[in-house]
Amino acid sequence: DRGLRGARAFYFIVIASTVLGIALDFLRVNAVKALYWSAVINGLLAPFLLVGILIVASDRKIMEGQPISRLTRAIIGATAALMFAAAIGMFVL
């Protein structure tokens, strides 16, 4: 709800993303291939993000005395481990 002066970083990202999208069109980049590779990169980076979330959400001080439960930790940990295994399997197989 802020204007340009109050949210410069936000508007910079929006404008830069728009310019990048226009540049990719002029450079004749295949949009479907770009979406495919962005999904692959997202899949490779997501487990690292999950580990970061797990560390932060488990910290009592950061969470002000309300860290996530053991069950939630186990589920997030298992999900991250499976995603790491899938990423490694993608390169090995």
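**A loop up close**

Tutor: Let's go to Glu-64, which sits in the loop between H2 and H3. Keep in mind that this is a predicted model. Glu-64 isn't a glycine, yet its phi is positive, at about 55°. Is it buried or exposed? Glu-64 has a relative accessibility of 70%, so it counts as exposed, the cut-off for that word being over 50%.

Gly-65 belongs to the loop between helix H2 (31-58) and helix H3 (70-92) as well. With a relative accessible area of 44%, Gly-65 is partly exposed, because that label covers values between 20% and 50%. Now look from Gly-65 to Gly-89: they are 24 residues apart in sequence, and their C-alpha atoms are 38 Å apart in space.

Next, hop over to the loop between H1 and H2, where you'll find Arg-28. Here's another residue that is not a glycine but has a positive phi, this one of about 60°. Arg-28 comes after H1, and at 75% relative accessibility it counts as exposed.

What about H1 itself? Helix H1 covers residues 8-26, and its 19 residues should span 27 Å at 1.5 Å a residue; the end C-alpha atoms are 27 Å apart, so the model agrees with that expectation. H1 is hardly covered, too: of its 19 residues, the number that are buried is 0. While you're looking at helices, here's a handy general point: an α-helix has 3.6 residues a turn, so residues three or four places apart point the same way.

The chain has 3 helices and 0 strands, running α-α-α from the N terminus on. Its radius of gyration is 19 Å, whereas a compact globule of 93 residues would come in near 12 Å. Picture the C-alpha atoms filling a box of roughly 50 × 45 × 15 Å along the principal axes.

How much of the chain is buried? Buried residues make up 11% of the 93. The accessible surface comes to about 7,900 Å², and carbon and sulfur atoms account for 71% of that. As for contacts between residues at least 6 apart in sequence, 47% join residues at least 24 apart.

One last thing concerns charge: the chain carries 9 positive and 4 negative side chains, with the centres of the two sets 4 Å apart.

Notes:
Residues are numbered from 1 along each chain as its sequence is written. This is a predicted model: local features need pLDDT of at least 70, side-chain atom pairs count only at pLDDT 80 or more; totals for chains, interfaces and linings use all residues. Side-chain values use heavy atoms; hydrogens and water are left out. Helices (H or I, at least four residues) and strands (E, at least two) are DSSP runs, numbered from the N terminus. The radius of gyration is taken over C-alpha atoms; the globule rule is 2.2 Å times the number of residues to the power 0.38. Buried means under 20% relative accessible area, exposed over 50%, partly exposed in between (1.4 Å probe, protein chains only). Contact means heavy atoms within 4.5 Å. Accessible areas come from the Shrake-Rupley method with a 1.4 Å probe; for residues, only the protein chains shown count as cover. Lys and Arg count as positive and Asp and Glu as negative; His and the chain ends are not counted. The place of a charge is taken as NZ of Lys, CZ of Arg, CG of Asp or CD of Glu. The expected span of a helix is 1.5 Å times one less than its number of residues.
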